[in-house]
Amino acid sequence: MDIFLQQLINGLTLGSIYALVALGYTMVYGILGLINFAHGEVVMIGALSSLTIIRPLADSGLPGPVVVLIGLFFAVLVCMALGFTVERVAYRPLRNAPRLAPLITAIGVSIVLQQLAMLIWGRSYHSVPALLPSGTHEVLGATFTEVQVIIVVVAAVTMMGLVLLVNRTRLGRAMRATAENPAIAGLMGVDANRIISLTFVIGSALAALAGVLVSANYGIAHYNMGFILGLKAFTAAVLGGIGNLAGAMVGGVLLGVIEALGAGYIGDLTGGVLGSHYQDVFAFFVLIGVLIFRPSGLMGEKVSERA
Amino acid sequence: MTENHKSWLGMALIGFVLAIAPIVVGASLGNAWVRVLDFAALYIMLALGLNIVVGFAGLLDLGYIAFYAVGAYLYALLSSPHFGIHWPFWAVLPLGAMVAGMFGVLLGAPTLRLRGDYLAIVTLGFGEIIRIFLNNLNSPINITNGPKGIARIDPITLFGHPLSKSIDFAGITFTGVMLNYYLFVVLALGIVFVGIRLQDSRIGRAWVAIREDEVAAKACGINTRNIKLLAFAMGATFGGVSGGLFASFQEFVSPESFGLLESIMVLCMVVLGGMGHIPGVILGGLLLTILPEAFRQGAGPIQQAMFGEVLLDPEALRMLLFGMALIAVMLYRPAGLWPESRHRREMAK
Amino acid sequence: MPINAKTLSIAVAAALIAVGCSKKEEAAPTAAAPAPAPEPMLVVKLGHSAPLTGPQSHIGKDNENGARMAVDDTNAAQVKIGGQTLKLVLQGEDDQADPKQGILVAQKFVDGKVNAVIGHLNSGTTIPASKVYFDAGIPQVSPSATNPTYTHQGFKTAFRVMANDIQQGKVLGAYAGNQLAAKTVAVIDDKTAYGEGLATEFKKAAVAAGVKVVAEEHTDDKAVDFKAILTKIKGKKPDLIFYGGMDPQAAPMAMQMKQLGVSSKFLMGDGGCTTEFVKNAGEAAEGAYCSLPGIPYEAMPGGPAFIERFKAKYGDIQLYAPYAYDAVMVVVEAIKRAQSAEPAKILAELPNTDYQGVTTNIMFDENGDLKDGAISLYIAKGGKWEALETVGGAAPPAAPSAPAQKM
């Protein structure tokens with residue numbers, strides 16, 4: 001029982017990380033219908049740029065969480081600027097281009113960001129000083145750290161905040177209108193370009209937040225960390241129904257739990273034939289299964305046909 | 001009459017250039033560049049296969065490399081010391097194509113209802129599943145030899161001569177990479193021919209109809225299910241053939257060669273060149289194989305020449321330039337470098 | 001103004017060129033004065049291949065730096081080969097840890113007529129590339145590929161200056177059973193040619209030493225979250241956890257073991273035996289064990305000096321730089337003995353290698369593997385790897401490395 005509970009906790013944390021990154025994917029997708037493949041790299045830039053600030057401040061005597069907040073603030077600024085630039089340079093000119101054109105620029109941006117990060121921060125792995133409360137607690141034989149609690153709470157709060165933003169504010173209404181039809185939204189006095197820029201900026205700020213938390217959780221950051229994370233988050237977003245904020249959360253957590261339970265139990269259930277090396281296979285099988293029965297994800301609405 | 005003459009002349013010219021390319025390149029730039037040309041031919045075959053799925057039928061496939069992997073591994077298993085089986089290539093290649101085609105249907109069937117990005121992620125998952133299985137099927141029973149890969153695969157043998165060995169003919173030494181080049185080019189031309197015939201056929205028009213509007217296509221009496229499955233199967237078949245060639249050429253396969261990045265690369269070739277347009281796709285395949293190599297060669301020396309020292313890490317710069325090239329091409333030619341005239345019309349309006 | 005700026009820059013450029021030229025002119029006579037006849041140079045090209053982009057690029061660059069230092073040292077030493085001064089030129093290439101690129105790089109080396117190849121880093125690229133070198137008759141010395149297959153394909157051109165997985169796995173397995181007194185062990189690997197190979201050999205040796213394998217888990221070389229498999233392992237309460245893989249995974253794994261309260265000992269092979277591991281895992285690294293082929297540098301003649309010089313030039317040693325250094329030196333020694341840099345002559349001399357390197361005393365067996373390679377075990381203490389003991393290649397009576405074994 002304690003093992004099962006531990007696996008659930010593991011899955012929940014991992015899932016919340018996926019969810020945090022997936023929220024950024026889903027926001028951009030919701031408004032533009034664009035898979036921003038470079039989102040994972042923005043998370044990476046967030047992690048590394050926060051580290052640039054955190055490292056020298058770590059021994060300054062400031063309380064740890066304050067240092068992390070300063071680092072986070074810096075990372076958010078960097079990522080917002082980055083998100084704004086990337087949208088301007090690589091996506092906006094292609095707003096009316098064939099559907100796959102922005103996908104290719106996204107891949108290009110992803111490569112460029114990775115190589116830039118390698119030039120700036122070097123090839124080695126960076127250790128992240130443990131500044132957030134790192135105490136371990138035990139419940140029914142399962143342990144969890146305070147960083148894990150922070151991650152789960154931040155992911156949930158962020159998701160709820162975004163839902164409120166989209167559904168309850170003027171900006172949110174403008175976002176929904178733009179997502180529905182940018183041209184008509186324009187006629188109603190919504191500056192679609194500004195709204196799309198803003199969405200990117202908010203999504204990138206979320207990426208910075210995710211980057212800081214991910215690196216704090218694993219204690220390690222590297223210029224290559226974004227790609228796989230982005231891929232998993234993208235999977236989570238689709239699982240939940242891409243474009244749907246609550247779906248990103250549900251998809252993320254579900255994916256995390258599937259991975260944890262898959263790695264933890266399928267090996268024993270199949271007599272060791274399928275072990276933890278098939279962890280990703282389970283995840284993708286569940287995804288395919290879900291999509292066969294619900295072609296637009298768990299919480300997604302029926303997608304309109306985009307040609 | 002003159003038109004006809006012209007096209008024959010053009011073809012003869014292309015044929016001539018293709019025939020002497022490896023000799024010239026081999027003599028001036030070395031065999032490594034001939035090898036790059038071989039890969040260009042291989043990737044062009046792959047890209048043409050994916051073009052059927054993505055370009056003609058409009059189904060976004062991010063796991064295309066899986067079929068390449070299936071073809072490659074089938075060849076490796078049936079033609080290497082791993083199981084001690086040494087079947088000739090004319091038996092293994094068609095078999096690889098068939099099995100890959102079956103995998104294509106296997107992937108296509110459950111995903112018929114999915115569209116756009118949902119299809120993309122499922123195909124991506126499919127590609128990863130195949131790779132993970134290839135990596136893991138060395139226990140409990142050793143089938144694929146796992147991450148170590150399968151080495152010492154038999155090269156293709158034509159007229160009793162293994163293509164990996166060089167041959168002297170008419171005073172020129174044709175190295176293994178050159179011989180493989182000729183084989184690949186001939187097969188690539190075959191695939192181009194099939195592609196062109198398909199495009200102009202009833203099936204090709206049905207694919208385009210589905211791509212443009214699936215509901216309308218259905219209303220016009222097109223059996224969208226079968227036609228989509230056919231697209232997956234055809235694309236996969238081409239992938240399987242190129243996979244087999246890859247295995248025989250490298251004489252080594254391992255799961256690392258079939259990652260997601262490879263799928264993305266092939267997709268980039270199709271989109272960058274011009275989706276649905278065969279000459280465009282060929283151009284895309286050629287460029288994306290040669291560019292990274294050219295950057296690799298040039299990144300260090302050019303800096304040296306311009307600034308007197310190597311300021312930026314040449315390896316980082318190489319990939320940086322490559323990423324920027326992807327972005328720049330798409331910005332200036334959103335429909336691809338050499339788009340289909342139908343697309344061009346759309347862009348013009 | 002613009003014209004001014006332009007003329008100014010032209011003037012500066014001209015001045016620079018003038019200075020450059022005059023310097024050259026100055027240099028020529030001074031060089032000519034002490035040595036009347038300018039020495040003829042014997043230019044020898046060495047190829048070096050490792051991943052310089054991607055997740056393992058830090059280790060790849062480290063290898064290249066090690067090789068580069070050896071090249072610089074050799075050039076500074078003014079070695080005479082048949083009346084000519086040996087001048088090594090290193091051609092460093094990026095194989096991206098991808099077999100396809102690996103073969104392409106190999107082809108490039110063959111085209112460029114390199115005299116010998118140092119590399120590649122990964123077993124996954126070294127093995128397919130070895131065929132190309134074999135066909136071309138070019139000697140290949142890998143500083144870090146450990147998969148046994150590499151030297152067991154019957155290629156007379158393949159050598160390595162690093163213990164293979166069988167040699168290292170054997171020592172590790174025995175160490176787990178005897179010195180660490182483990183009764184039960186959980187084995188994790190990263191499903192790469194290296195990690196899985198080492199884990200398999202470790203398992204065999206551990207079972208032979210009477211250790212029971214209670215869990216076998218797998219991850220991959222891009223993962224960062226190991227809590228699921230660690231939780232499962234925790235339930236089986238093994239005395240020891242063995243990881244076959246590299247440090248980018250090993251460091252977070254150690255941290256997560258601590259977070260989950262796993263109290264088993266942690267043992268790794270050479271892939272985790274890095275300064276990065278202790279640096280990144282921090283406190284969680286304490287008490288971890290690892291093995292590294294060769295003898296601790298501190299115990300090697302010239303070892304500490306090597307570390308100092310490397311640090312001054314390139315920063316901390318990541319992992320295999322000393323092995324890459326030795327790999328180059330082994331080739332240089334062969335060139336010296338052969339008094340020729342022709343690949344065939346080097347090849348003929350390589351099996352006779354008996355070279356006191358930075359890592360160990362290097363001799364090759366009939367396959368091109370390290371003969372009686374010593375393997376040293378380390379423990380992480382106070383943020384550093386501390387040498388525990390050297391399990392000399394079975395410490396046979398004739399072991400020439402015996403004197404160096406005392407620490």
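Residues are numbered from 1 along each chain as its sequence is written, and chains are lettered from A, with ligands numbered from 1, in the order in which they are written.

User: In chain B, which helix has the lowest confidence?
Analyst: The predictor's confidence in each residue is its pLDDT, from 0 to 100, and chain B averages 88, with 95% of the residues at a score of at least 70. Confidence in chain B is highest in helix α3 (residues 65-78), at 96. Where pLDDT is low, the predicted coordinates should not be read in detail. The lowest confidence in chain B, at a mean of 53, belongs to helix α13 (residues 341-348).

User: What radius of gyration does chain B have?
Analyst: The C-alpha atoms of chain B fill a box of roughly 60 × 55 × 55 Å along the principal axes. The radius of gyration is taken over C-alpha atoms, and the globule rule is 2.2 Å times the number of residues to the power 0.38. For 349 residues a compact globule would have a value near 20 Å, which agrees with that of chain B, 21 Å.

User: Which element gives the most to the side of chain A that touches chain B?
Analyst: Counting two residues as in contact if their C-beta atoms, placed from the backbone, lie within 7 Å, 39 residues of chain A are in contact with 37 residues of chain B. The elements of chain A that give two or more residues to this side are α4 (101-121), α9 (225-240) and α11 (279-293), where helices are DSSP runs (H or I, at least four residues) numbered from the N terminus. With twelve residues, the element that gives the most is α4(A).

User: Is L209(A) buried or exposed?
Analyst: L209(A) has its place in helix α8 (residues 192-218) of chain A, and, not counting residues up to four places away in sequence, L209(A) touches L20(A), L72(A) and V154(A). A residue is buried if 20 or more other C-beta atoms, placed from the backbone, lie within 10 Å of its own, exposed if 12 or fewer, and partly exposed in between. Because L209(A) has 24 C-beta neighbours inside 10 Å, L209(A) counts as buried.

User: How many residues of helix α7 of chain C are buried?
Analyst: What covers the buried residues of α7(C) includes α1 (2-32) and α10 (245-269) of chain A, together with β7 (184-189), β8 (212-218), β9 (240-244) and α8 (247-260) of chain C. Among the buried residues are K227(C), I229(C) and I233(C). Just after α7(C), K237(C) takes a positive phi of about 45°. Helix α7(C), residues 227-236, is mostly covered, and of its ten residues the number buried is eight.

User: What separates the centres of domain 2 and domain 3 of chain C?
Analyst: Chain C is divided into domain 1 (1-31), domain 2 (42-162 + 301-362) and domain 3 (166-293 + 375-405), with bounds from an automatic or database domain assignment. In domain 2 of chain C, 15 residues are in contact with 16 residues of domain 3 of chain C. Taken over C-alpha atoms, the separation of the two centres is 27 Å.

How values were computed
Predicted model: local features only at pLDDT ≥ 70, side-chain atom pairs only at ≥ 80, totals over all residues.
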